[in-house]
Structure formats: C-alpha cells, structure tokens
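Have the structure open while you read.

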Amino acid sequence: MAMTSAGDEPLVEYFRSIKPGEDVLIEYTSGEPVHILFHLFLGCLRENGVPVIIVDELDQLHVFRTQLKLAGVDTELIDTANVIKIGGLLKTGKVLGRVDLSKEFPIRKKHYEEALRKVNADYTIRIVLGFDKVLAMHEEDRRDLESLFGYMIRPYLGDEGRTTVYFINTELFSERTLKEFREHASRVFSVRFEENAIVIRVIKSPNVAEYGKEMETKIEDCV
C-alpha cells in the first residue's frame, strides 16, 4: 500500500508497510476525535490515487462526516467516496449498494459482493466504520457471532485484491469479542489524542519488532 505525502510524515510512512490481503484494526474509545484520523487516512489514499470503498455500517459515516463539518473541515473526500451501506438509513457519499442486516448471513454476503463488483479496480482499500455496533448486535449468541466472522470477515483475509481497515470503538462490545477480532487481524493499532497530536501505538504486527512502537502526527497537519 505505497503512499507518499508532503513532508513524508510518520503515519503515512508506516502505512506503506501494510500489505495487500491484510485486515487492520484501528481501536479507539468514545471520547476521542477519531474522525480526524479517518480524514487523514482518506486524504492520503486520495492523494496517492488508491481506490477506496467505505463500508458504512449503521450510519457511522454520517456521524464522522457531521463531526468533521462541525470542526470546519471540508467533507468533499466523504461526499465523493464510493460507499457500501450495511444497515442504517442515511445516504452519505456515493452509495453503490445496500446490505440488509435483517437478512441471513449468506444473503448479506451476496449483496455485499454484488456492490463490491461495481468498483472496477484490481485493488481497493476498504475502510469499515461502525462494525463495532454490528459486533455488539451479535455477540450475545456465540454461534451467531461465529457465523458473522465465518461469512463476512475471515473469507476476505489474505485476498490480495484488497486491504481492509476497521475503525472500531472498543467500548461498544465485550473484551472477549475484541480479543477474538484481534486474533483474526494481521495488524492492530490503538489511538490516543494528546496535546493536539494523534498517537498510534502498534499492538500487533506481522513484524514482531514493531510491537509497542508509537507514531505521532500533529492534528493541524491532518485537517
């Protein structure tokens, strides 16, 4: 996932090492303005001409867009992005297709893949927002949760035609489910905000030497 940016800032530099076929978790909590990091990431991908699909689960993209707009940030990156809706009611971005959460998992998978085929690209970055809420819906029944992973998550790991980045609020579902998701993912990052800076810490990586590594970028460089 090669990317360049003016100033070659540390987060962009690190994103270059993420390989096709990976599933990446970016973990945050409810009190953090993670929409700023989302905007930075989306902007870097656009700048480098990487095709992006935003998977908007339960209208989380609308929440991020509104938070950015209230902060005075131009939302053109979101408004012109290709989007697949999973659940939710609000149209945000260029919606390619919708997946009904009331349907059985094989039907969800079919509709999801039909929408993906509308993007004519050999490789895409999929940015998933709101999956934390879907995990919370299914985690009471462990067989149901296993079906969610079996149909919608695991089959795509290792598919070199895509890299998927999940933004997940870890306060919305259980620690047990978080550990299961971390076990699945190839990379896991935690995010914190301090003194007008975004700090990302590596929790998991294919390169064990990176465990615990921290990268920082100033917020004023992101908007």
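Start with α5 and α7, which cross in a right-handed sense. Keep in mind that this is a predicted model. Helix α5 covers residues 105-116, and its axis lies 10 Å from that of α7, at an angle of about 30°. Angles under 35 degrees count as roughly parallel, so α5 is roughly parallel to α7.

Who touches whom here? On the α5 side you'll find F105, P106, R108, K109 and Y112, and they meet D144, S147, L148, Y151 and M152 of α7. Sorted by class, that contact of α5 with α7 has six nonpolar, one polar and three charged residues.

Now for the other partner of interest. Helix α7 (residues 142-153) also pairs up with helix α8 (residues 175-184), their axes coming within 13 Å and crossing at roughly 25°. That angle makes α7 roughly parallel to α8. The crossing of α7 with α8 is right-handed. In α7 the residues involved are R142, L145, E146, F149 and I153, while α8 brings R176, T177, E180, F181 and H184. The contact of α7 with α8 splits into four nonpolar, two polar and four charged residues.

Here are the two pairs by axis distance and angle:

| Pair | Axis distance | Angle |
|---|---|---|
| α5 and α7 | 10 Å | about 30° |
| α7 and α8 | within 13 Å | roughly 25° |

How far can you trust the model? The chain averages a pLDDT of 91, and 94% of the residues score at least 70.

Terms used. Residues numbered from 1 in each chain as written. Predicted model: local features only at pLDDT ≥ 70, side-chain atom pairs only at ≥ 80, totals over all residues. Heavy atoms only, no water. pLDDT = per-residue confidence, 0-100. Axes fitted to C-alpha atoms, helices over the stretch in contact; angles between N-to-C directions. Helix = DSSP H or I, 4+ residues; strand = E, 2+ residues; numbered from the N terminus. Parallel < 35°, antiparallel > 145°, perpendicular 65-115°, else oblique. Left-handed = near helix turned anticlockwise from the far one by under 90°. Contact = heavy atoms within 4.5 Å. Nonpolar A, V, L, I, M, F, W, Y, C, P; charged D, E, K, R; others polar.
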